[in-house]
Amino acid sequence: QVQVVESGGGLVQPGGSLRLSCAASGSILSIRAMTWYRQAPGKQREMVARIASSGTTNYADFVKGRFTVSRDNRKNTVSLQMNSLKAEDTAVYYCNVDVQGLVGLPRDYWGQGTQVTVSS
């Protein structure tokens, strides 16, 4: 079993910054991609940023130049540094990890989400 826990959400003013963290633990042999998603009220969940085990990153166009994703492979953690936040960044942010467990096929796991609210 694998547990995924996000932290770091909160309320921030437009133009401000927040840093989200996500930690995976449990029966993990290796983690392939680690991905941040978000879901705003009434909208579908969308990919924000992804980082492969190699360190290769991908960003959604709406966060390029503002958000930075990073990971620590030794600690099985991934972070999302969010700068120049806008009201439209308000959403629940979810961490998804693609895990090769000690047995069985790879599968992905989700965290419970952390609320980010950008408002004055």
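# A guided tour, from salt bridges to sheet

Select Arg38 and Asp89 to begin: Asp89 is buried, and so is Arg38. Salt bridges with shared partners tie these two residues to Glu46 and Arg66, giving one network of Arg38, Glu46, Arg66 and Asp89. Buried here means under 20% relative accessible area, exposed means over 50%, and partly exposed lies in between, with a 1.4 Å probe and protein chains only. A salt bridge puts a side-chain nitrogen of Lys or Arg within 4 Å of a carboxyl oxygen of Asp or Glu.

Before moving on, note that this is a predicted model, where local features need pLDDT of at least 70, side-chain atom pairs count only at pLDDT 80 or more, and totals for chains, interfaces and linings use all residues. Residues are numbered from 1 along each chain as its sequence is written, and side-chain values use heavy atoms, with hydrogens and water left out.

**Stop 1: the salt bridges**

How many salt bridges does a search of the whole structure find? The search finds six. Keep Asp89 and Arg38 selected and show their side chains. They meet in a salt bridge at 2.9 Å, N to O. This pair links distant parts of the chain, 51 residues apart. Asp89 sits in the loop between β8 (77–82) and β9, and Arg38 is in strand β4. Strands are DSSP runs (E, at least two residues), numbered from the N terminus; helices are runs of H or I with at least four residues.

Now pick Arg32 and Asp98. Their side chains also form a salt bridge, at 3.2 Å, N to O. Which strands does this pair link? Arg32 is in β4 (residues 28–39) and Asp98 is in β9 (residues 91–101). Color them by accessibility. Arg32 counts as partly exposed, because its relative accessibility is 42%. Asp98 has a relative accessible area of 19%, so this residue counts as buried.

Next, select Arg74 and Asp72. A salt bridge joins their side chains at 3.8 Å, N to O. Arg74 has a relative accessible area of 76% and is therefore exposed.

**Stop 2**

Zoom in on Val103. This residue is in the loop between β9 and β10 (107–110). Is Val103 buried or exposed? Val103 counts as exposed, because its relative accessibility is 71%.

**Stop 3: the disulfide**

Show the cysteines. The structure holds one disulfide, a term for two cysteine sulfur atoms within 2.5 Å. Cys22 and Cys95 form the link, with their sulfur atoms 2.1 Å apart. The angle about the S-S bond is -80°, a left-handed link. Cys22 lies in β3 (residues 18–26) and Cys95 in β9, so the pair ties together parts that are 73 residues apart in sequence. Cys22 is buried, and Cys95 is buried too.

**Stop 4: the open sheet**

Switch to cartoon. An open sheet of four strands runs in the order β1-β3-β8-β7, with antiparallel pairing. Which strands are at the edges? They are β1 (2–7) and β7 (67–72), and each pairs on one side only. From one strand to the next, the twist averages 15°. Two strands pair if DSSP finds at least two bridges between them. Angles run from 0 to 180 degrees between N-to-C directions, and axes are lines fitted to C-alpha atoms, for helices over the stretch in contact.

Select β3 and β8. They pair in the antiparallel sense over six bridges. Leu20 has Leu80 in β8 as its bridge partner. The partner of Leu18 in β8 is Met82.

Move across to β7. Six bridges join β7 to β8, again antiparallel. Ser70 stands opposite Ser79 in β8. The two strands form a hairpin with four residues between them. In the turn, Asn76 has a positive phi of about 55°.

Finish on Val69, in strand β7. Val69 counts as buried, because its relative accessibility is 5%.
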